[in-house]
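Thanks, everyone. Let me put the structure up, and we'll walk through a few of its helices and its core.

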Amino acid sequence: MITTILISYSAAIIMDRIPLKYSLEGLPKKERKQLRAIIKKKKRFVLAIYVIINIGILLTLKYFNFFASSSIGLLGWLGINVSAPVIKIALPLGISYYTLQSISYVVDVLRGKYKAEKNIFKIALFISFFPQMHEGPFGRYDALMPQMTSGEQIKINNLYNGIAQMFWGMFKIFMVANRAAIISDAVFKNHESYGGFTVIIGVIAYTIQLYAEFSGYIDVAAGVSKIFGIGLAKNFDMPFLALNVGDFWRRWHISLGGWFRDYIFYPISTSRALMKIVKNLPAFLANLLTITIPLFFVWFLTGLWHGASSKYIVYGLYYFVLMIIFNLISPLVNKVLSKNNITSENRLINGLRLAKTLILVGIGMLMFRAENLLVFRQMLGSVFSKGSEFQLFSAIEPNDFIIFILSFIVILLSVIMKLKDIDIESRFEALSSYKKYWICFCVFCIVVIFGAYGLGYIPPDPIYGGF
């Protein structure tokens, strides 16, 4: 992390100083344009060196063994026998998060969004801000730094609101996610024995686990930050109400999607190289490639970001294929619906779209959780076969299951309240400090008394914390 901080600070400073070496005053328009092009080229060269070093660190620490084994396998298939060393290094905490976050800062300096920060300690604070290091969300420098350096004292409202959000996150993790993990682990760790509806139960349990855990950790991070008067980026927006997979990913891990949109999709889709490729093509094909090529890189890198495994790459490309298919057929589907006077508000059509999206996301979750692609294929095929009968209460104690269901209902009620435009946060903020204290205390007691942790429980490792 120290290396990332130093090179991010240095690269931004160097790029800011490059224009100072040149004077545009009094030059003819043509020469000014040429000089600006030289300045831009030098800035991009600095950015390229910076990205190579920064991503190189990430690739070496996180992906070296994966790429080495893949290369050895490919060469072996070609009849060339080679070997490579295996690197066993503990990954720095949050490396996948702070690497991308630091890149966003340097790229924004290049784009002229803001000036390079001259105080290295501010850059260090931005990159290493502890609440979001482990699981995000990804922050932007211009959004976070003014809050971090405002010098405001801790306010009683921020204190209570932050603690309440922390406890809500803990409620999701210890009451819901950790118990859903018991069920999903029972299915996935013994997948050879099960088929049919049992596999579906395992996927549903894992989906609940992942959402409750990930959004719970985000709530804890946001709550800690709120105590200090710092607002983090929104990361979830009721993703399981999405009507297509594109909409799902606009609601799920929003800050990651925003990063890939701003720093991968837009630069590639507007690049000169792509413009040259599509320049003389028919309009339909040009538009298709303008979307398809950037999307391929976005989803390939999204999969790779999640882990050093071919499974994660295929997981990313799975969503790439789904989105391309959606882009191709949606105009035809909309045309058919329009001819039959069916509007976008039709409840039956939206219900079918929701069901379709949940099934496709469920397949993605199965791939995400399966140990490897072979296991994924076996489990997906076993959905249509009959395996051993799943004994639910041999996997989870009845009292734990009841607590899990009741706690999950609480999360569902919070979603329903949002749909009814009932602003829970505003209502909580309007309460007196006395009422806030007792609400926080009660939630804390519920988590402490009924949470799935301590003796008798083996807590699962944080899923997104591993990325």
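Start with helix H4, residues 120–128, in this predicted model. Which of its residues are buried? Ile123, Ala124, Phe126 and Ile127. Look down the axis of H4: those buried residues fall within an arc of 165°, so they line one face of the helix. Remember the geometry: an α-helix has 3.6 residues a turn, so residues three or four places apart point the same way.

What do the buried residues of H4 pack against? Four helices: H1 (2–17), H3 (95–110), H5 (130–133) and H6 (141–148). Now the start of H4. There, a side-chain oxygen of Asn119 comes to within 2.9 Å of the backbone nitrogen of Phe121.

On to H3. Here 16 of the 16 residues are buried, so H3 is largely enclosed by the rest of the structure. At 1.5 Å a residue, H3 should span 22 Å, and its end C-alpha atoms are 23 Å apart, which agrees. Just after H3, Gly112 has a positive phi, about 80°.

Next, the core. The largest nonpolar core holds 102 residues. Which members touch the most others? Tyr105, Trp252, Tyr319 and Tyr464. Helix H8, residues 197–227, gives this core its largest share, 11 residues. Another core, of 5 residues, lies apart from it; Met166, Ile173, Val220 and Ile227 are among its members.

Last, Trp252. Leave aside its neighbours within four places in sequence. Trp252 then contacts Leu210, Tyr211, Phe214, Asn235, Phe236, Pro239, Phe240, Met365 and Tyr464.

Definitions and conventions. Residues are numbered from 1 along each chain as its sequence is written. This is a predicted model: local features need pLDDT of at least 70, side-chain atom pairs count only at pLDDT 80 or more; totals for chains, interfaces and linings use all residues. Side-chain values use heavy atoms; hydrogens and water are left out. A nonpolar core is a set of buried Ala, Val, Leu, Ile, Met, Phe, Trp, Tyr and Cys residues joined through side-chain atoms within 4.5 Å. Buried means under 20% relative accessible area, exposed over 50%, partly exposed in between (1.4 Å probe, protein chains only). Helices (H or I, at least four residues) and strands (E, at least two) are DSSP runs, numbered from the N terminus. Contact means heavy atoms within 4.5 Å. The arc is that of the directions from the helix axis to the C-beta atoms. A polar contact is a pair of N or O atoms within 3.5 Å; within protein, one must be able to donate a hydrogen and the other to accept it, and residues adjacent in sequence count only if both atoms are side-chain atoms. The expected span of a helix is 1.5 Å times one less than its number of residues.
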